[in-house]
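Subject: Structure handover

Hello,

Here is the structure I said I would pass on. My notes on it follow below.

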Amino acid sequence: SEASSGFPIELILAVFRETWDTDDKKAGAFDAREFDPSAKPEALQACAELVEAFVREATARACALAKLEDERAVDGSHLERVLPQLLLDFAG
């Protein structure tokens, strides 16, 4: 099923599984925890909404930066330059 945010719940589940279920068990890679695939739909919906908000804000900031620089297109360098502050804003 698709979240009302536009991100498919299956995508959110796949990202969570990829993040938590690491085969290589690198140091600090969530060694003792595994993702519970029976997460409640409400929790997955909330995560999908958070991911969408993050993506929308990253896009808006990258577009604003490109506009300030009189660029006609947004590229990866614009995203790279707005991500540090965006991550700090979302962490707070």
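Helices here are DSSP runs of H or I with at least four residues, and strands are runs of E with at least two, numbered from the N terminus. On that basis the elements of the protein run α-α-α from the N terminus on, which gives 3 helices and 0 strands. Please keep in mind that this is a predicted model.

Overall figures: the protein has 92 residues, and 22% of them count as buried. Among contacts with a separation of 6 or more, 50% are between residues 24 or more positions apart.

Helix packing: helix 1 covers residues 9-20 and helix 2 covers residues 41-68; the two pack at an angle of about 90 degrees, and their axes are 10 Å apart. Angles of 65 to 115 degrees count as roughly perpendicular, so helix 1 and helix 2 are roughly perpendicular to each other. On the helix 1 side the contact is made by I9, I12, L13 and F16. Helix 2 contributes L44, Q45, C47, A48 and V51 to this contact.

Surface: L79, L83 and L87 make a nonpolar surface patch of about 230 Å². Of these residues, L79 lies in helix 3, which spans residues 76-91. Is L79 buried, exposed or partly exposed? Its relative accessibility is 33%, so L79 counts as partly exposed; the partly exposed class lies between under 20% for buried and over 50% for exposed.

Regards

Technical notes
Residues numbered from 1 in each chain as written. Predicted model: local features only at pLDDT ≥ 70, side-chain atom pairs only at ≥ 80, totals over all residues. Heavy atoms only, no water. Patch = residues over 30% accessible without salt bridge, like charges linked within 9 Å, V, L, I, M, F, W, Y side chains within 5 Å. Areas by Shrake-Rupley, 256 points an atom, 1.4 Å probe, with all protein chains shown as cover. Salt bridge = Lys/Arg side-chain N within 4 Å of Asp/Glu carboxyl O. Buried < 20%, exposed > 50% of the residue type's maximum accessible area, 1.4 Å probe, protein only. Axes fitted to C-alpha atoms, helices over the stretch in contact; angles between N-to-C directions. Parallel < 35°, antiparallel > 145°, perpendicular 65-115°, else oblique. Contact = heavy atoms within 4.5 Å.
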